[in-house]
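Here's a quick walk through a model you can turn around on your own screen. Have the viewer ready, and take each section as a stop on the way.

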Amino acid sequence: MSDAWLGQNPRELVRSLRKLADDLEQLAEGKSPAAMSGVVKIREFTISRRTVPCLVGTMTGHPTIRDGSPGISTELYYVNERQKLVRTANRFYKLIGDPL
């Protein structure tokens, strides 16, 4: 991957994630979603899944996956191949070796 930010503008990504965290915090504090601005209505909907970039590999030092066991990360937000550093939705990963 040649672009560390996976094709996203870093400032816009940070702004978007900060807004998400603020909205979730307001919900956790009991604020009604109807009171929030920008609520979109959707009809004839279904819950689906979509493919997002992630890491698959053998983990070491993960808080819930036993060392040496296979695992799948959450969505990637930042990849720096030169530093072998990745940031997912939940944590940083240090890439060891070369990709398969």
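## Ground rules

First, a term for how covered a residue is: buried means under 20% relative accessible area, exposed means over 50%, and partly exposed is whatever falls in between, with a 1.4 Å probe and protein chains only. By that scale Lys 84 is partly exposed, at a relative accessible area of 29%. Lys 84 will come back a few times below.

This is a predicted model, with local features needing pLDDT of at least 70 and side-chain atom pairs counting only at pLDDT 80 or more, while totals for chains, interfaces and linings use all residues. Numbering starts from 1 along each chain as its sequence is written, and side-chain values use heavy atoms, leaving out hydrogens and water.

## The helix and its leucines

Helix α1 covers residues 10–28, and Leu 24 sits in it. (Helices here are DSSP runs of H or I with at least four residues, strands are runs of E with at least two, and both are numbered from the N terminus.) Leu 24 is partly exposed, with a relative accessible area of 49%. Together with Leu 17, Leu 20 and Leu 27, Leu 24 makes a nonpolar surface patch of about 330 Å² accessible area. Patches take residues with over 30% relative accessible area and no salt bridge, joining like charges within 9 Å and nonpolar side chains (Val, Leu, Ile, Met, Phe, Trp, Tyr) within 5 Å. The areas themselves come from the Shrake-Rupley method with a 1.4 Å probe, and for residues only the protein chains shown count as cover.

Lys 19 is partly exposed at 44% relative accessibility.

## A three-stranded sheet

Now look at the open sheet, which runs β3-β4-β5 with antiparallel pairing. Its edge strands are β3 (76–80) and β5 (92–94), each pairing on one side only. Neighbouring strands are turned by 15 degrees against each other on average, ignoring direction; the axes are lines fitted to C-alpha atoms, for helices over the stretch in contact, and angles between N-to-C directions run from 0 to 180 degrees. Two strands count as paired if DSSP finds at least two bridges between them.

Strand β4 (residues 85–88) is joined to β3 by four bridges, and Tyr 78 stands opposite Arg 87 of β4. On the β5 side, β4 pairs over three bridges, with Leu 85 partnering Lys 94 in β5. A hairpin of three residues links β4 to β5. In a regular strand the side chains alternate between the two faces of the sheet. In β4, Val 86 and Thr 88 make up the covered face, while Leu 85 and Arg 87 make up the uncovered one.

Over in β3 you'll find Leu 76, which is buried at a relative accessible area of 4%. Leu 76 and Pro 10 are 66 residues apart in sequence, and their C-alpha atoms are 13 Å apart in space.

## Loops worth a look

Which backbone angles stand out? Most residues other than glycine have a negative phi. Glu 44, not a glycine, has a positive phi of about 45 degrees. Glu 44 lies in the loop between α1 and β1 (56–58) and is exposed at 86% relative accessibility. Lys 84 takes a positive phi near 55 degrees too, in the hairpin of β3 and β4, which has four residues between the strands.

Ser 73 is in the loop between β2 (70–72) and β3, and is buried at 8% relative accessible area. Its side chain reaches the backbone nitrogen of Leu 55 at 2.8 Å. That is a polar contact: a pair of N or O atoms within 3.5 Å, where within protein one must be able to donate a hydrogen and the other to accept it, and residues adjacent in sequence count only if both atoms are side-chain atoms.

## Salt bridges

How many salt bridges does the structure hold? There are two, taking a salt bridge as a side-chain nitrogen of Lys or Arg within 4 Å of a carboxyl oxygen of Asp or Glu. Asp 98 lies in the segment after β5 and Lys 84 in the loop between β3 and β4, so the pair ties together parts that are 14 residues apart in sequence. Asp 98 is exposed, at 67% relative accessibility.
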